[in-house]
Amino acid sequence: MTELPGTPDLRHSLGDRRALRNTVLTVLLWVVAVGAAVPLVSVLYMLITRGGARLGTALFTQLPPAGLEMGGGFGNAVVGTLVIVALATLISVPFGILGGVFLGFVAPESKLADATRFIAKVLTGFPSILAGVFVYASLVLWMGTYSALAGGVALAVLMLPTIMLTSEQSIRMVPQRMKDAAFGMGCTETQAMLRVVLPTATPGILTGVMLAVAGAAGNSAPLLFTALFSNYWISSLGEPTASLAILIYNFSGMPFPNQIELAWAASLVLVLIVLAFNVLSRLISARRV
Amino acid sequence: MSVLDIARPATDYVAPQKTVAAAAIDARISEIHYGKFLAVRDTNIAIEKNKITGFIGPSGCGKSTVLRSLNRMNDLIPSFRLEGQVQFLGQDIYARNIDPVVVRRHIGMVFQQPNPFSMSIFENVAFGLRLNRYKGDYKQRVEYALRRAGLWDEVKDKLKENGLALSGGQQQRLCIARAIATEPTVLLMDEPCSALDPIATRIIEELMLDLKKDYTVAIVTHNMQQAMRVADTTAFFSVDISRGGRTGFLCEAGDTEQIFHDPKQDLTKRYISGEFS
Amino acid sequence: MSVLDIARPATDYVAPQKTVAAAAIDARISEIHYGKFLAVRDTNIAIEKNKITGFIGPSGCGKSTVLRSLNRMNDLIPSFRLEGQVQFLGQDIYARNIDPVVVRRHIGMVFQQPNPFSMSIFENVAFGLRLNRYKGDYKQRVEYALRRAGLWDEVKDKLKENGLALSGGQQQRLCIARAIATEPTVLLMDEPCSALDPIATRIIEELMLDLKKDYTVAIVTHNMQQAMRVADTTAFFSVDISRGGRTGFLCEAGDTEQIFHDPKQDLTKRYISGEFS
Amino acid sequence: MSSTDFKQDSGRSASRPPTTGDIIADRVFRGGAYAAGALVVLLLIYILWEIGFRAMPAIERYGFGFLTSAVWDPGQEKFGVLAEIWGTLYSSVLALVIAAFFGVGVAIFLTQDFLDARLAQVFRTVIEMLAAIPSVVYGLWGIYVVIPALRPVAGFLNETFGWFPMFSSSFSGPSMAPAVIVLAIMVLPTVAAISQDAFSLIPYKTKEAAFGMGTTRWEAITKVMIPTATSGIFASLVLGFGRALGETMALAMLIGNSNQISWSLFSPANTLASLLASQFPEASGIETQALMYAAIVLLVISLAVNVVGTLIMAMSSKQKVG
Amino acid sequence: QSDTRLTGSGASFPFPIYSAWFKDFSSKSDGITVDYQSKGSGAGIQDYLNKVVDFAASDSAMKDEDIAKAEGNVVLLPMTAGEIVLIYNLPGVTEVKLPRDVYPEIFLGNITNWNDPKIAEANPGVTLPDMPITVVVRSDSSGTTFNFTGHLSAIDAAFKDGPGFGNSVQWPSTDKLVKAPKNDGVTATVVQTPGAIGYTEYGYAKLTGTPMADLENKAGKFIKAGGEGGSNALASAQFDDQMRAFITDPDGENAYPIATFTWMVFPKSVADPVKADAMKKLVEYGLTDGQAMAESLGYIEMPEAVIEKVRTAAEKIGAGS
Ligand SMILES: Nc1ncnc2c1ncn2[C@@H]1O[C@H](COP(=O)(O)OP(=O)(O)OP(=O)(O)O)[C@@H](O)[C@H]1O
Ligand SMILES: Nc1ncnc2c1ncn2[C@@H]1O[C@H](COP(=O)(O)OP(=O)(O)OP(=O)(O)O)[C@@H](O)[C@H]1O
Ligand SMILES: [Mg+2]
Ligand SMILES: [Mg+2]
Ligand SMILES: O=P([O-])([O-])[O-]
């Protein structure tokens, strides 16, 4: 084919290995892509059929059933999840944003920033169970009780690096000329940050926060030794607290059909909560200028 | 002031059709659309064997569009649609049964931005050979192509280095070597020097003059001096806006000497004299 | 061909130092470095009160660098280092005990790209007032600043709209209004019109001529016509490469009339005549 | 700072120095930012110290033998995590192989013009949603969907290809196979997302060069696009591997928690993370210390992988893609 | 009255009955709620030693060394009792008898198929499938395991010398051994896995309708779980000074071979007297109303004599050490 004769043959050759391979690989790729989507379809199908079957107000107003009781719900776990995640957010967001400000604005080039950035990136892959182990060792033992607070701290450890890095990114994306304008007006660093840079970067930061929240809401491993679980409504932050993730873990291993149905229903609710935060983050990022 | 106003009077002018015996490519394009946009109309042009044909004209007049339709590169753009014929050695490359992949193997292309692959210099040049399952001596063939591209002496000791590590001018010569390694019949070049400095540009121009002994070359250039230096035949494209959009067309084509010193068309004359660009 | 060759003979020339009684800013800069790179040397210049001083010169000659060092904007660049003095109303703003934030509050700045904040028009103008915890009547002050910037009639009905929703020329006038709302002493402008169309440019030029009644203005411009139209005093910067890098320096400064019609320096003459740019 | 006042000029000027409050706020804010930056560094050090300190007695007592023994017997105070290390690495590697195949496939599918832009966006969302499903939900799904679905397949494989080490035992339920499948699904979005970035970073001119040389679409993909994206794909795999190593709950629910070393996909196994999840609540004394030692092992493996991944990412973002 | 919450954790063996008790008790006693997490006896004891719960529950009571670790600050109270049964999942088979020399071998991994001649011999008339046996054991530290392995060690020397007994033991390393957490996990895994066998508290099997094997007792008789066999087994129990008693291989013609009490662990010294009071109320509830529920939930009502002893011992709660 390389030594060209006078008039080359440019036609499609039927049964050409090349064309055939091209087709086979294209088909294969479609199969792969569709295959990758199958699990999601299956999970959603199960959630909707098995979890949806139980959906009702009772789920949110009642407490988990004891061993063989019928009915019941997981209202306390929904509340507990929201409380723990809210605590984690309250703890991680200020530090995360402040850290993002440090990385993206105050001293982006400093040695400390290099170290912080690197460690934050590495910590995004931190095994979540270790956050639980760490908070158990440092906080639960010290407080003398499992608690929503400990659960919140464990999740905050996992959320912090994500929030920090996304905040840094959105702060860096604020155009330099905006920052110039602020300094040109005689802003101190803080004023430039608070009055100009942060407001402009807010949608990006919120997007990151929402993603971190979504991740935290579905996280169970760190809660195992920190928030533990409770069969009752939460009455203080210093006591064991129910969460959907642990409820699903506990109930999924049970031999009782009622509990298993509840596990599916709780999964559906948990996925909806996580997706709600994901969607929120998308909406916020879509509104970004 | 803009070329638009100038182009208007030429609306219905169609460059005379000239059949050339020694044409490697003989294009008779009546329309090229991108979606609904008519980008080029009435362009009949022959690329003669062992000559360099230069395409000049103001920006947006469809030079690249026409060049790319000569080896079906434009097939990559889904909205592209061509009406007319492009004969390559007697076969219409837009005929139903033609495989565009094969067309491109016979009609090589060099682009405005040097675009070597992120692999070794050797592998860059050997790429087309491997693609064609060449059975002969790769080393010899690669060396030959690099020599023809005037790059051999500069890279012979670092054939294993990444092609992207070369300078811009070297990268462009590497791309030329890559294109000629499989000995295509025609070489299309779309402003191959516009990203290069004057020295690298000169080197490539000399290279082209050397290459035309064995290949047929078509080159788009923005630089009229360059066209005068290298092209045997020059095709001048212009643009008119009478049909709604800015539609390019072949205004005049002929010997480079004639186009630059005795243009037949008023538009050509004004363009040559630098009145618009 | 390039400015580099032309600039060489001037290596050791230092513009004569002229002390001006009515100077708002009197800069005696001996060197400005970015890290190891010597960007500017030997630049003594006085910005006279209630006059417009224009900075002209080829690209990269340090006009922006000098302008920005007059209100310590360059402090934001960590590698920036200045040797010399910049007196503002008799105080050296580079002295130890000076807070650059305070300097910037007295010497306002308008940038090349219009850069209003992403907040309402009103808040954009009131920004500096709030920053300075102004106690008076905000509405009145904002209206005054917008009137001075010639923007009031265009925006008076939409003060709550986002500043970014305005056209480029309006945005730039908004930035001027923002800068003058706190009545700074000096206004520095770095090519304020280069992103604008000719009509918007004219409006801003007229505005500058009006502003100089109350303010002292220094403006960098690429456009010599603009300098001739608005500047009372013109400073011509050039660049030399004798010390390794391209180092800018003040070549000649004086009445605009004199600089453009009777330049003392050969380099100035050649620049004015368009020989290089 | 200073009491600089340039106020001898126009009386109208509203300019004044920052108030003391502003200056204090500035200091506090800057200090806070530095503190928050330092916090992350301190946090990692504190975690290492907290866990390392508690692991110290076990490290002294068991030394390297801990890594090479497969016994976990609190009764006799004999501890070793070889089986868990094996289970962790084996499950992660297998999951990664599957996730790489599908993830890179999806990345190619979404970036190489197989779908029009809108459909591709929909599909991308579908893949991203896989990442939004919590681990326990995958565990539940694994128990009730994957295991029953695997049962006949695994039975067939074991009967027909029983000689092959990976199919050498019969399938009973919780075991390596369902764990690997679920793990692969959880890692897939990471691999797909980062490989997609790698592919979309390749400039259009490279694609043009490939087609200009007369490649078919697939030749362009396999001979040019994939080689050019290699470092990005590699980074996606390393990061995916890091995620897989640390995954806990779904594995604890599916893997069978049995500390043995086997090639068979149908044998139960254990991982470091699920060892921690199941033993930590009840451990006391030396067992706690041994678990902390196991946590260190997990931490070291996972940090090492993530450090490598982060470094590769840093390098590949600087890579010359043309 | 202010709210008092008692937090407890531990054994899963009695969880079905405890959760019923605590819910009922919490609703009946004003201002007191009892929050109990089933984690396994080992974890409960550990929580108790770490002082992160108010009370624990364990069906292996508490080892002397753990009592020492708690500095003697423990009151061990047997609260109910139950049988440990062998549940299995054999499609189409609902009755299996397992002799004394067979089931230890299964758990030792020596008998690996349901059609093993030794099993077949004991089950004439039952068609046992050719199916590998999947053994399901506990992954966590468990009192159920303690009692079960205690029994196996008592009747099988090889088991005693091999895995031995304890809250968690070194099970043989085979492909066919799956571990699951808590009684729930074992039951669920057996239910989901054809060919599986596992040990669990009788209540779990009863509530889920999972088939249980009849076990051969010391006297050589096959006993069905759930009858009088349990009480018979426990009849001979002798408590030590910490109220502990384990019967590893009961005598008696009709005794079910594996049964045990299960304990709650309370502190002797309680900082908050209201809490101590609540604990005593809880114990009293368990000894009265609680016992009445036992049988219906698959547990064994304790003999009156034992109840009396427990009532006396409960006085020590909150009485200081
Ligand atoms: N992919 C495309 N889709 C739609 N329109 C296109 C596309 N490529 C080019 N065009 C349009 O077709 C017309 C001709 O473009 P072309 O690039 O061929 O001009 P050109 O003569 O090469 O210009 P230049 O000198 O700037 O390279 C232009 O109006 C351009 O906007
Ligand atoms: N932040 C910086 N860091 C390093 N070097 C810089 C920086 N800003 C400018 N320079 C260098 O200093 C020299 C002077 O730049 P400056 O922007 O002051 O020139 P200029 O006269 O304003 O040019 P122009 O007309 O293009 O705006 C240039 O060589 C430039 O590259
Ligand atoms: Mg072009
Ligand atoms: Mg400038
Ligand atoms: O009751 P246990 O959970 O310890 O077996």
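Guide: What follows is a walk through chain contacts and ligand shells.

Guide: Please keep in mind that this is a predicted model.

Visitor: What makes Glu219(D) and Arg105(B) a salt bridge?

Guide: The closest N and O atoms of Glu219(D) and Arg105(B) are 3.0 Å apart. The label asks for a Lys or Arg side-chain nitrogen within 4 Å of a carboxyl oxygen of Asp or Glu, so this pair qualifies.

Visitor: How many salt bridges are counted between chain D and chain B, and how many between chain A and chain D?

Guide: There are two between chain D and chain B, and three across the interface of chain A and chain D. For polar contacts, with both residues at pLDDT 80 or more, the rule finds five residue pairs between chain D and chain B and 10 between chain A and chain D.

Visitor: Which elements of chain A supply the side that touches chain D?

Guide: Those giving at least two residues include helix 3 (75-106), helix 6 (148-173) and helix 10 (257-286) of chain A. Helix 1 of chain A has the largest share, 21 residues. By class, this side has 55 nonpolar, 18 polar and six charged residues.

Visitor: How do you know that chains A and D have the most contacts?

Guide: Seven pairs of chains touch, and among them the most contacts are between chains A and D. In that interface, 79 residues of chain A meet 78 residues of chain D. The buried area is about 6800 Å², with carbon and sulfur atoms giving 80% of it. On the chain A side, Leu29(A), Leu40(A) and Phe134(A) lose the most area to chain D, together 9% of what that side buries.

Visitor: What does the contact of chain D and chain B take from each chain?

Guide: That contact takes 19 residues from chain D and 22 residues from chain B. The two chains bury about 1900 Å² between them, 65% of it on carbon and sulfur atoms.

Visitor: How do you know that no contact joins chain B and chain E?

Guide: Their closest C-alpha atoms lie 48 Å apart, and no contact joins the two chains. A contact needs heavy atoms within 4.5 Å. Chain C and chain E have no contact either, with their closest C-alpha atoms 52 Å apart.

Visitor: How much of ligand 2 does the protein cover?

Guide: The protein covers 65% of the 630 Å² of accessible area that ligand 2 has on its own. Strand 2 (37-48) and helix 2 (63-69) of chain C each give two or more residues to the shell, and helix 2 of chain C gives the most, with three. In all, 13 residues surround ligand 2, divided into five nonpolar, six polar and two charged.

Visitor: What makes Ser41(E) a polar contact of ligand 5?

Guide: An N or O atom in the side chain of Ser41(E) is 2.4 Å from an oxygen atom of ligand 5. A polar side-chain atom of Asp59(E) lies 2.8 Å from a ligand 5 oxygen, and a backbone N or O atom of Gly143(E) lies 2.7 Å from one.

Visitor: How much of ligand 5 does the protein cover?

Guide: The cover is 100% of the 200 Å² of accessible area that ligand 5 has on its own. The surrounding residues, among them Phe13(E), Arg138(E) and Asn183(E), divide into two nonpolar, seven polar and two charged.

Key
Residues numbered from 1 in each chain as written. Chains lettered and ligands numbered in written order. Predicted model: local features only at pLDDT ≥ 70, side-chain atom pairs only at ≥ 80, totals over all residues. Heavy atoms only, no water. Buried area = accessible area lost by both parts, 1.4 Å probe. Polar contact = N/O pair within 3.5 Å; in protein donor to acceptor, adjacent residues only side chain to side chain. Near = heavy atom within 4 Å. Areas by Shrake-Rupley, 256 points an atom, 1.4 Å probe, with all protein chains shown as cover. Helix = DSSP H or I, 4+ residues; strand = E, 2+ residues; numbered from the N terminus. Nonpolar A, V, L, I, M, F, W, Y, C, P; charged D, E, K, R; others polar.
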